[in-house]
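Let's take a quick tour of a protein chain, from the whole thing down to a few strands and helices. Have a look at it first.

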Amino acid sequence: MPALACSVDAAVAPPGYAAFIAGDSSLPAAVPFSPTSVIATAANSNSTHWSPAHSSVLYRIDGWGAPYFSVNNSGNITVRPYGTDTLAHQEIELLKIVKKVSDPKSVGGLGLQFPLIVRLPDVLKNRLESLQSAFELAIQAQGYESHYQGVYPVKCNQDRFVVEDIVKFGTPFRFGLEAGSKPELLLAMSCLCKGNPEALLVCNGFKDAEYISLALLARKLALNTVIVLEQEEEVNLVIEISKKLSVRPVIGVRAKLRTKHSGHFGSTSGEKGKFGLTTTQILRVVKKLQDSGMLDCLQLLHFHIGSQIPSTALLQDGVGEAAQIYSELVRLGADMKVIDIGGGLGIDYDGSKSGNSDLSVSYGLQEYASAVVNAIRFVCDRKSIKHPIICSESGRAIVSHHSILIFEAMSATAPTTPAMNQINLPFIMDGLSEDARADYWNLSDAAMRHENETCLLYTDQLKQRCVEQFKEGTLGIEQLAAVDGLCDFVSKVIGASEPVTTYHVNLSIFTSIPDFWSIGQIFPIVPIHRLDERPEVRGILSDLTCDSDGKIDKFIGGEASLPLHELEGNGGGSGGADGRYYLGMFLGGAYEEALGGLHNLFGGPSVVRVLQSDGPHSFAVTRAVPGPSCGDVLRVMQHEPELMFETLKHRAEEFCGQDHGNDGANAALASSLARSFHNMPYLVAASTCSLTAMNNSGFYYCNEEDYNAAVESGAGVWG
């Protein structure tokens, strides 16, 4: 028992009780809410005025979003599709896209359900052109005597329209594709049939005889195909199959560099990396090709330092090492023409411009290109070697910005802390053990002395003792709840923990943001509207899945919560969104869609393709695809929705069809089942559905139109 404990009757007010009940806890006042330290920079804490500029600073939008995203005077996120060349009238409000997509077809909308991916091909084109321009400027400035010719690694986003757009936009400057598997090779071959004939088709990844045969077939089809050797034994297959098919291959080798960066994305680099050949293995490959009379086929050197290279210093170190290997291959007699620097061109996820984080990089496109050109030129000039074509596989940097995930916060759960006058201390004390009472009295004494750390110590101790009592059955749930309220009150007054609200979002993190769950990758998440209002709440995001990992509680800037607005109905405004609250996840155009799974059978989002136009809203939706339905995701797991529907329909007729005079209700029931298979798995906003029972045996429809349509459809409900 604590030394200060004493035995008194529970009815006697313990020390400090009078002060507590009077509202003077003797604890320091709570610190006023401040979303982050950034707010102090954005606006004076004494001012009630809040502007979009303050939100831009708070959410670092000018850092990670430039030059494509900004906040307009109405407090809405806008897209600048042509980057710095975008004119004012060409900016696109994301909220207007949301309205067009989600409004019912009866009022001119598309009637799509959330979550939603907005693809912006204009941004994609600008990224591609900016990368090309950066290398062209560096080449011209440094007197480099060859050219840049990039490829897009389709693994970053294999969506048909993304790949086709890249091939189309890249045709003027011979932009090609990189494949790492047989299906990726097939789609690359198909797409490049419409591309520039000089565009490279780089074949990476582990290869079997079928893969190599397919790559050699691509060469027969006049595609500029390069087979990159990832493993030493692959050279034997290439030699054997190319002779059988009478195809002279173009071969590359992937070198395993010593240069390595220490972050998460550097795990595939260095001597112990998963991919590539050591110098010893490269020499053996050269010997085998020489013995086969095919050394002239070796024309490309590939390497990869790792994704998100943080600084140009590390970049130059790695490129310089690779250029040295390139020059040695030239000396050994290979007909070298291309140096493929792989991926690694990073993007600034948190707007910090830092070289010490996986979330940021300390350079821009121009600095990156200049560092690459300089490192290669320096080695080649020193060795008197012809400057090679420079190729890069900068997938993340090309596609990340063009795709935005938009989702809705459906509800919010805020922590509740009772006021001091709501805490019934005599009731709490009545059921406590002697040790627990002593903890309370020690807590009260510590509060009188302003010893906050001691207060927290006794608060935790009191709470734990009460939990043990509850487990033993000597404390009721009402008293346990009262103790919890007291402890929460103490923590709040001391300022030990900032109250955080849980926002329940219409999303599956495992499907749409899998990198957050799997590797802790953080993306910028921002409300896309109401940014002219001060965000008064700290929140975390909880998804729809039945999984404790289905939440986002880490945000850019090292924050464990996100500044958010009150939902309408909780004292907040609508911000022009009909009372809904929309959030956007940005810079997620690479990898997230391909890596997403089907946890809890939540499928992918709806997708729209949006181009800038001269219309009244500055945009046109050129393609709209609803997300997978419940039936679609069930099929993926080998279920047969049509048979499932028939089973449930017969079951319904057996148990719910006793009233033979109500054929309309029976038809409505069957229609309800069919709709469940046809609809997306995600929630439907309550504001769009009155949920009124329309005399249909308890089955609910959003309105009379839906009910009548269901009845009229009769038995033909599945089609």
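Here is a short briefing on the chain as a whole, one of its sheets and a pair of helices.

This is a predicted model, where local features need pLDDT of at least 70, side-chain atom pairs count only at pLDDT 80 or more, and totals for chains, interfaces and linings use all residues. Residues are numbered from 1 along each chain as its sequence is written, and side-chain values use heavy atoms, with hydrogens and water left out.

**The whole chain**

- You'll find 25 helices and 23 strands in the chain; helices (H or I, at least four residues) and strands (E, at least two) are DSSP runs, numbered from the N terminus.
- Of its 719 residues, 52% count as buried, meaning under 20% relative accessible area with a 1.4 Å probe, protein chains only.
- The accessible surface of the chain is about 31,100 Å², and carbon and sulfur atoms own 52% of that; such areas come from the Shrake-Rupley method with a 1.4 Å probe.
- Take the contacts (heavy atoms within 4.5 Å) in the chain with a separation of 6 or more: 75% of them link residues 24 or more positions apart.

**The sheet**

- Eight strands make an open sheet with parallel pairing, in the order β5-β6-β7-β8-β9-β10-β11-β12; two strands pair if DSSP finds at least two bridges between them.
- β5 (151-153) and β12 (389-391) are the edge strands, each with a single partner, so one side of each has no neighbour in the sheet.
- From one strand to the next, the twist averages 25°.

**A closer look at β10**

- With β9 (residues 251-254), β10 (residues 298-302) pairs in the parallel sense over 4 bridges.
- Among the bridge partners here, valine 253 goes with leucine 301, and arginine 254 goes with histidine 302.
- With β11 (residues 338-340), β10 pairs in the parallel sense over 3 bridges, and leucine 300 has valine 338 as its bridge partner.

**Two helices side by side**

- The axes of α8 (residues 182-192) and α9 (residues 209-220) come within 10 Å and cross at roughly 10°; axes are lines fitted to C-alpha atoms, for helices over the stretch in contact, with angles from 0 to 180 degrees between N-to-C directions.
- That makes α8 roughly parallel to α9, a label for angles under 35 degrees.
- Lys182, Leu185, Leu186 and Met189 in α8 touch Glu210, Tyr211, Leu214, Ala215 and Ala218 in α9.

Key:
Angles under 35 degrees count as roughly parallel, over 145 as roughly antiparallel, 65 to 115 as roughly perpendicular and the rest as oblique. Buried means under 20% relative accessible area, exposed over 50%, partly exposed in between (1.4 Å probe, protein chains only).
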